Amino acid sequence: MSAVADMNTEKALVRASSLNVRPEVWVPLVLLIGTLGYPFFLLITSAFNVGDPEVFPARSYGFANFVKLADHLDWIKNTLIVAGGGTVLGITIGVSLAWIIHRTTMPGRKWFDLLIAIPYPLGPLVGALAWSQLGAPRDGLINRFFTAVTGIQTPLIDIYTPLGIIFTEAIFEAPVAVLIIGAAMQRMDPALEECSAIFGSGKLRTAWKVTLPLMMPAILSAALFMFTSMIGSFAIPTMLGTSSRFYVSTNAMYVLLQGYPPNYPLAAALGFVLIAMTAIAVWLVQRVLRGRSYAVISGKNYRPRQVNMGWLTWVLFALTILYVLLSLILPMGTLLLASFQNSNAINFDFASWTLRNYKYVMFDFPTTQQAIVNSLILGVGTGTIGVIFATFIAIATHRSKSDGRRLLEQVTMLPQAFPRLIFAIGFLWMILTLPIKLYGTLLAVLLAYVIVFLPLAYRGMSGVVVQIDKALEEAARVSGAGAARIARTVTLPLLRPGLLATWALLFMVSVREISASLFLSGTNTQVLGPAIFSFWDSGGMPRVSALAVVQALIILVALTVVRVMANRGVKV
Amino acid sequence: MMKDRKNSGLKLNRRQLMLAGSAAAMSFAMPHVVSRAYAEASAPGNVDAAKAEGPVVVWHGDQEADVVEYLKIFTEKTGVPAVQQRLLPGQALPKLEAEFRAGQTTGDLYLTSDSGIMENLRQQNRLLRYVPADMDAYGPEYRSSEPGYWTTYYVNVGPMMYDPRYVQESEAPKTWTDLLDPKWKGQIGFQNSAAGTSYGFWFVLKDILPKDYWDNLGANNPRAYSSSTQISQDIERGGLKIGGRVSIFQYVKAIRHKQPVKAVFPPLGVPSVNQATGIFSTTKRPNGAKIFTNFMLSKEGQTIWNNIQGSYSARKDVQVEYLPDINTLKLLLPLDFKEYKNPENRRQFVAVWNKMTGL
Amino acid sequence: MLATNPTGQNGSAADRRGTAYIEVRNLSVAYGSKVVVKNISFSVGRGEHLSLLGPSGCGKSTTLRCIAGLETPIAGEIVIDGIPVFSSEKRINVPTEKRKLSMVFQSYAIWPHMTVFENVAYGLRVQRVSHSEVKQRVTDTLKMVGMEDFIDRPATDLSGGQQQRVALARAYASRPKAILLDEPLSNLDARLRVRMREEIKELQHKFDLSTIYVTHDQEEAMAISDRIIVMREGNIEQSGRPLEIYDTPRTRFVADFIGAANIIAGVPQGNSAAGGPVVKVGDALLECAPGSKLHAPDADGRHLVAVRTVYPEMRRAGSPRPNQWPGKIVRRVLLGDIVNYTVKWAGGELRLHAFPSDLFGEGEEVQIYIPAERAIPVMAD
C-alpha cells in the first residue's frame, strides 16, 4: 500500500471517529435522564437539607441527617439482613425448582411450571396479608392446626419475626429466579454434563459440580434482581415487622413520612443510603460477570438433557408440591377463608360464612370500586406505553448505528437501582415543583409506573429483539423497503410474541404494585395496592381479604389469557 | 426642619389630627366591622348552589367505612353529594402545600385528630371561617379560640383496652404506671409517632407523669401500630394483651361485635384529643362545605356520626350506647395551643415516641 | 500471465462485456479504530461473476456489505451502473433500499412469519409491481429453483437447502442490477453445497447478472467464478481468472490458500538454460519457470518457490535430467479419489497428489520430476 493511501486512510479514520449521536438515541436518553435525574436531585437536596425540612429546594446544607442516621444503623442492618437472607433463600428455592422442572424427568413438570409462576404477579402484599393469617403465633391457621393435632400450646411458627419476613420475601420472589435460571438451563449444552457423566460423576455430583457453576451468570443475575427488589420491599416488612418492633428502611421511612411534620430529610438520607447499597450491588455483580467466559449458551438450540433421578424424583416432587402449597395454595386458601368471615378471627362454622364482604368492596364502597377500575386502566396503560417505549429503546440500542447506545441501555436499566418507594417520593416532589398540573392525577401514577417498570419491559423486549437475526431486516432493506415498512412488515410481526408477554407482565406487576403509588394516588386516583393497604389499616380482615382476592383474580385472569394465547400458537 | 420643631409645640400637627380622627372613627366602627365579619362567617351555605358545586370533598384520617356510611346519610338528608379521602398528615400536607401554592384545593374540608395542625392552618390563613348555627353548643375547649375556624366533631378519648379472655381482670392495669410492670413486656400496643392521638397522649401526660416514665415504658418494649383498628384486631386475636391507648370507638365497635373487651379509664386522667373539622380557605365549594359543617356540628349530625363510630360528641346533648358517662371521666385535653403547636414539642415527641417503640 | 484461456469458464462472457458495471475505488472500512479494509480497488464487469475469497477476518464480507450499503466505509467510492452510490469526498451515500441490488445472506434471512410466496414477492411489492405480474414472476423464479410446490407453505416448513433456494429465487425475482451473495452455502452440508453450487451457476448463466460472491471455500470459488480476488487482512493479494491464480500464484499465501502447494525455500543460483531462475534447495538445484523472476527473500534470506502438489511426476526409474531427483516415499495416505504421498528428496520433503490407478508403496525409491514451468517463484509474507 502506498504511503499516500495510508495517510488518506488515517485522515478518514479521524473523521469517522467523531461523535455521532442520532435522535433515536438522544431523545429517549434525555427524557429518561430528566425523569430520573430530577427526582434523584430533589432527594439528594433533601437528604442534605439541615434547615427547614419543608422548603424545596433546601436552603442550608450539611451532613446532619446522615449523622442522625448513624443512630439508626439497625434500620440499615435489618434491611441487609432481610434482603440478603431473602435472596439466599430465594435463590436456593429458585435454582432447585428450575433444575427440577427443566432438567429432571419429574412427572407433571409442565403444570408445576405454570403454578410456580403465579405467586410472583400475585405479589408480596397479598402474600404478607395471607401469611399474617397463617403464621400469627396465636391464631394463625397453621399454629391452630398444629395445636389441634399435637396438643402443644407453643406455636409452631411465628411469622412476625425477621425469619418470617425473610421466608415470605423469598417464596414470593422465587418465581423470578426460576424464570431467569430456568431459561439459562434450557439453553445449556448437554455435552458439558454428559462429559461429566462419562468420567464417572453421579447425577447429583454432576448437578452440583458442573451444572451449578455453569449457571453462575444466570444465578448472579437473578440474585441481583431479587436483592435490589427486596431492599426496596415495603409491603412485607410493614405488615409483618412493624408491630413487632422490627424496622427495615422502608417501613421506618413510612413512619417518618406519615407524621407531622413529615421528616423528609431523614427519609431522603435513608433513601439515599438504600440507593447507594443497590448501586454497589449492581456494580459488584457486573464486575464478577465481566470477563468470564461462560460459553455454554450459544445460538444453537439444544435439546436440554433430562436427567432421570430415580427414586429421588419423588422427593423432588414432594419439595415442589411443598413450594406450591406454601406460595399459592395456603395463602390463597386462607384469604378466601378470611374473606367469607363475619369477624376478624377465622372460624370454620360454614353457616356463618358470607359473601357480604365481596359485595361491599366491589359495589358498596366507592373507594375500592374506584380502585379496581383505576388499577385496570393503569394496568392497560402501563402495559401499552411501557411496551412501546421499551421496544423503541430496544430497537435503538440493538439496531441503530448511533453513538451512546450503551449509555442509553444503562440509563434504561437505572430505575432498578432505585427502591420504588423512594423513587415515588422523589417523583412526587418533582411533580409538585413542575408547572404542569400533573399532581393528583392518574397520569402521574401512570408515568411513575412506566418509569419504574421500564427495566422489566426493556429486559423482555431486548431479549426478543436480540433473537431476531439482523439479516432479516437487512434482507428487507436490500429488497427496497424503507424503515417504516421494515418495522411494519418484518420487525413488529416477529416481535409479537414478545410484545404480548411483556405487556402481560407489565399489566400484572402494575396491578399489584403498592410502593410506587402509595404516595402518589389521591382522591380520584385510588389504586388497588394502596387501597388494600389502607384497608388493612382500618378495615378489618374479612374485607381486606376480599379485596385481596379480587386483586388476585384480576391477575390470574390476565395470566390465563396470556397462556392460552401463547399456547394457541401465536406465530413466531 | 428647624422651623417645624419650633412650631410643633404651638399648633396641632396635621398628621396627628388625622390619626386622632381616624382612631375615633374606627372606635365607633370596629364593633360594627367585627360583628359584620361574624355575620358573614355565619351565613349558611345555599343548598342549590352546593349541588351545583359538585360533590364536596372531605379529607379525614378516620375509619373509611364509617365516613362513607356517614356521608351517605348526610347526602340523603341534605341533598348535597360528598366524597371522602382518607389521608394521614404525612400524605395530606404535601398535597396541601402544592394546592395552596396553586391557589386551589381539591379538598374542601379537613377532619383531623391533630388540632395543632388546624391551628397552624388557621394562622396561615388557610381556613375559611364559618360559624355554624349551633356554635354555642360547643364549649371553648372544643373549638378555635375565635369560633368558626375549626370545631370538634368528636372527642377522641383514649383509654387502655384488653380482652378478659387473655388478660385476667384482676391482673389488668388500672393506672398508667401499671403499664411499667414487666409482665406486660412486649405486649403493650400503641399507635406510631405519626398518629395525632399519640402526640396528644404524650403531650397531656408528659407534665403529669415522671420524666423517666417514657424510658421505663420503652424498656417494656411496647409495639407501634399504624392504626388503632389494628391494635383492636390484635387484641381480639390474642396477639396483643394490652392496648396502651386505643381510640374509644374501637372499644365500642368491639362490644358491638360481641367481643368481651374491657376499657380502662385511669383516675389520673384519660388523654383525649379534639378531632377537629375545618374548611379550607381556597375551597371551590364553599356552600357544600358550609352545609357539611353545619350538619356535622348539629345535634342530628353529631348523633348520627358518633353513633356510627361509637365516640363521644363535644355536645352535651348527644348520647351513644356503651359509652361510659363522660362526666365520670377525667379527660385530659391539650389546652395550651401555643405549646401544642410548638414544633419543638413535636420534635421531642417524635424522638421520645420512636425510641420508646423501637423505631 | 498464461496466454491460454481454457474454455468451460465464463471467461468469454467477461471478455465480451468489458465495461465495469460495479466499480470500487480506494475503499477503506474501519470498526472503531481498527481498519479492516485497507484502500482496495476492483471492478466487476456486466454479467461477470466475481468471487471475493479469503480466510475469515480478511474483509471480504465487509466489502460486500459496503457495496450493499449495509455498512459505511470511511473512505472511497462505489459506483454501480455508472451512478456513484457512495463517495466519501462528495459525501454521497445512497441508502441500501435505493441501490436496486439483491443479496443472499449466509443465514438465508427467510422471513419465518411469511409464506414462501410472500418471501419471494416482498421486493416486488415494494416496487409496486402489479398483482398478476408478481404472481407470474414469483412462480417462474420458484420453478427455476425447483421450489414451486412450496409456494404457499409457511417458511418455517423449509429445510436449510430449501430456504437457500427460496433466498435465491427472491434475489432473482426482483430483477436487480446485480446480485451479492455472502457465503450462501457455508451452512449447508457438503453434498448439498456441491449441488447448490451448480444451481447457482446455472441461474447465473440464465440471468446474466453481475455477481459478487463472498466465500472462504476455494473450491467453490474456483468452480463458479469468472474472476477471483483473494483477500487477506484487508488487502487484495491477487486478482485474476481461476486457472491463472491456480497456476501462477503471486504470493506464498495465495499458493497455500488455493489448492495445495509445496513452498520450497532456496538460495539463488543463477539462471537456467531455458531462461528461468535457479535455486539451490538443500543439495538440489531447482529450475523455475522460464521468464519468471525471483521475488524478494523472506525473513530467513531465502527465496520462495511454489510447486503445486499435482504437478510433480513420480516414476519408478528414469534417466537423470534437470529438475529430476531420486526420492523415497516416506508416507502414503489413501483419500479415495486421490492418493497423498510424502516424498523425501534432496531438497527436503515434497507432498504429491496422484491417482490410485498406479499405487506406489511406502518406503519405495522413486524418481521425482518437477517441470520447470510448474515451479513458480512467489512473494514471501
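Colleague: Is the crossing of H4(A) and H9(A) left-handed or right-handed?

Modeller: The crossing of H4(A) and H9(A) is right-handed. Keep in mind that we're looking at a predicted model.

Colleague: How do I read a helix pair like that in general?

Modeller: Two packed helices are described by the angle between their axes and the distance between the axes. Here, helix H4 of chain A covers residues 73-103 and helix H9 of chain A covers residues 162-186. They pack at an angle of about 40°, and their axes are 5 Å apart. Because of that angle, H4(A) is oblique to H9(A).

Colleague: How many nonpolar, polar and charged residues are in the contact of H4(A) with H9(A)?

Modeller: That contact has 21 nonpolar residues, 7 polar ones and 3 charged ones.

Colleague: OK, on to sheets. What's the general idea there?

Modeller: Strands of a sheet pair through backbone hydrogen bonds, either parallel or antiparallel. In chain B, have a look at the open sheet made of 5 strands, which runs in the order E8-E7-E9-E6-E10 with mixed pairing.

Colleague: Which are the edge strands?

Modeller: Strand E8 (223-225) and strand E10 (262-264) of chain B, since each pairs on one side only. Further in, strand E6 (residues 160-162) and strand E9 (residues 242-243) of chain B run antiparallel and are joined by 2 bridges.

Colleague: Which residue in E9(B) is the bridge partner of B:Met161?

Modeller: B:Gly243 is the bridge partner of B:Met161.

Colleague: Now the interfaces. How would I usually see their size given?

Modeller: The size of an interface is often given as the accessible area lost when the parts come together. For this model, let's go by residues instead. Between chains B and A, the contact takes 42 residues from chain B and 35 residues from chain A. On the chain B side, H5(B) provides the largest share, with 7 residues. Other elements of chain B that supply at least two residues there include helix H4 (64-78), strand E2 (82-86) and helix H14 (343-357). By class, this side of chain B that touches chain A has 15 nonpolar, 18 polar and 9 charged residues.

Colleague: And how many residues does the contact between chains A and C take from each?

Modeller: It takes 26 residues from chain A and 29 residues from chain C. On the chain A side, helix H1 (3-16), helix H23 (470-478) and helix H24 (483-511) are the elements that give two or more residues. H23(A) gives the most, with 7 residues. The side of chain A that touches chain C splits into 15 nonpolar, 6 polar and 5 charged residues.

Colleague: What does chain C itself look like?

Modeller: Chain C has 9 helices and 21 strands. Its C-alpha atoms fill a box of roughly 75 × 50 × 40 Å along the principal axes. Of its 381 residues, 45% count as buried. Take contacts in chain C between residues at least 6 apart in sequence: 66% of them join residues at least 24 apart.

Colleague: Can we zoom in on one residue? Why does C:Ile258 count as buried?

Modeller: Because C:Ile258 has 22 C-beta neighbours inside 10 Å, and the cut-off for buried is 20 or more. C:Ile258 is in the loop between helix H9 (252-257) and strand E12 (261-271) of chain C.

Colleague: Which residues is C:Ile258 in contact with, leaving aside its neighbours within four places in sequence?

Modeller: C:Gln218, C:Ile245, C:Tyr246 and C:Pro249.

Note on methods:
Residues numbered from 1 in each chain as written. Chains lettered and ligands numbered in written order. Predicted model: local features only at pLDDT ≥ 70, side-chain atom pairs only at ≥ 80, totals over all residues. Pairing = 2+ DSSP bridges. Helix = DSSP H or I, 4+ residues; strand = E, 2+ residues; numbered from the N terminus. Axes fitted to C-alpha atoms, helices over the stretch in contact; angles between N-to-C directions. Parallel < 35°, antiparallel > 145°, perpendicular 65-115°, else oblique. Left-handed = near helix turned anticlockwise from the far one by under 90°. Nonpolar A, V, L, I, M, F, W, Y, C, P; charged D, E, K, R; others polar. Contact = placed C-beta atoms within 7 Å. Buried ≥ 20, exposed ≤ 12 C-beta atoms within 10 Å, placed from the backbone.
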